[in-house]
Amino acid sequence: IACTADGTLYVADATGVVPGVAGGGVWRTMNPQESPVIPGVEPQWVSLNWGLLPAAQLGGLPPAPPATAVTGLETVSGSNVLFGIDAVNNMIGPPAAPALVVKHTLVQFTDTLVGAVVTLVAPSDGSITGVVETTLPMQFVRVDFEWSAVTGAHLYRIQVDTDSMFHNPWVNLQVTAPDTTFISRATLDPNTKFYWRVRVEQFITAAGASPWSAAWSFNTPAGEAVETAPVIQSPVNGQQKVGVEDPCFTWGSVAAATEYNFTLKDSSGTVLADTTVTETSYCYAGELEYETSYVWTVQGTSATTESGVASASFSTEAESAATPVWVWIVIAIGAVVAIVVIVLIVRTRRPV
């Protein structure tokens, strides 16, 4: 086992190399400290056996004693250059001494993939960034992420979390190259500190992922106050005997609202009115049905936010009973008699 300063872990495989098959040689992981239960975060082991001879064995003892093997790996200090002993394959001597056979061949491997590290661009480390977006009853912050391209990258993985160890990422997604940006929507909370990082998840021609980039932090801005629904004033919920002629509806104002969306529906759901007004009242230009239930709603809105929806149901008055004809006749006769009496009084009056 060998571990380099950048955290890359190498483990020698005690089995022999089979050409074209993973295994044997060395196994490498660039994220040995990651959680084994989070997709995209678990340690990823890659078999490194390119260039090794068939049956090459870098770990354990050779299959036939009394030969001995050097177990383990060694690294050059401060680098990802590995040295190991092939305990199976022998090195034939030079032409001057062809009978010379050297046991346990020394092999060297330079791991160039560990240098393919992503450089973060935005949001910058320690910045306050994002745009608050409201979708009632929730508020989220939209954040635009950007990082540098890595030559040969096919897939990137971006992670965002409130934990600098990224144990339970809020964002844990792949981005296909050549794109090096990601926009987070409906995910991140306002007024919160987050950490983010990116790595190459998959290269076009090489196996394995790159190391993670440095983890940067940023803070999201505080959210705006979410407006409550307008207060219903008239007709209130459950009100009865509402007049059918041109009924008017009123409600309380909402501080941030610049206009109000008003709807009126009958008991069957038929929409009688669906309009936007700037005042805190609306009068329906028409006649409602007698003894019928209705529902009306109102919501305050502006260019950047919207309030909750207030609603109320009511029922209309009963239709008045028709006045019988004979009543109208009696009224008319009474009126005529009254007029005649008045005329007679006026004519019979004599000056004193």
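**Buried charges, an open sheet and a nonpolar patch**

Both Arg 199 and Glu 201 are buried, where buried means under 20% relative accessible area, exposed means over 50%, and partly exposed lies in between (1.4 Å probe, protein chains only). Their side chains meet in a salt bridge, at 3.4 Å from N to O; the term covers a side-chain nitrogen of Lys or Arg within 4 Å of a carboxyl oxygen of Asp or Glu. Salt bridges that share partners tie Arg 157, Arg 199 and Glu 201 into one network. This is a predicted model, in which local features need pLDDT of at least 70 and side-chain atom pairs count only at pLDDT 80 or more, while totals for chains, interfaces and linings use all residues. Residues are numbered from 1 along each chain as its sequence is written, and side-chain values use heavy atoms, with hydrogens and water left out.

In total the structure holds three salt bridges, and one of them pairs the side chains of Arg 142 and Asp 144 at 3.5 Å, N to O. Here the setting is partly exposed: Arg 142 has 25% relative accessibility, and Asp 144 has 39%.

Strands E14 and E17 also turn up in an open sheet of five strands, ordered E11-E18-E17-E14-E15 with mixed pairing. Strands are DSSP runs of E, at least two residues, and helices are runs of H or I, at least four residues, both numbered from the N terminus; two strands pair if DSSP finds at least two bridges between them. At the edges sit strand E11 (127-128) and strand E15 (171-176), each pairing on one side only. E14 (residues 153-161) and E15 run antiparallel and are joined by six bridges, and Tyr 156 has Val 175 in E15 as its bridge partner.

Strand E18 (residues 216-219) contains Ser 217, which counts as buried because its relative accessible area is 11%. Beyond its neighbours within four places in sequence, Ser 217 is in contact (heavy atoms within 4.5 Å) with Ser 124, Asp 125, Gly 126, Ser 127, Lys 193, Phe 194 and Tyr 195.

Overall, the protein has one helix and 26 strands. Of its 352 residues, 38% are buried. Among contacts between residues at least 6 apart in sequence, 61% join residues at least 24 apart. Val 337 lies in that helix, H1 (residues 325-348), and is partly exposed, with a relative accessible area of 45%. Together with Val 325, Ile 329, Ile 333, Val 341 and Ile 345, Val 337 makes a nonpolar surface patch of about 530 Å². Patches take residues with over 30% relative accessible area and no salt bridge, joining like charges within 9 Å and nonpolar side chains (Val, Leu, Ile, Met, Phe, Trp, Tyr) within 5 Å. Areas come from the Shrake-Rupley method with a 1.4 Å probe; for residues, only the protein chains shown count as cover.

As for confidence, pLDDT (the predictor's confidence in each residue, from 0 to 100) averages 78 over the protein, and 66% of the residues score at least 70. Over residues 61-71 pLDDT stays under 50. Where pLDDT is low, the predicted coordinates should not be read in detail.
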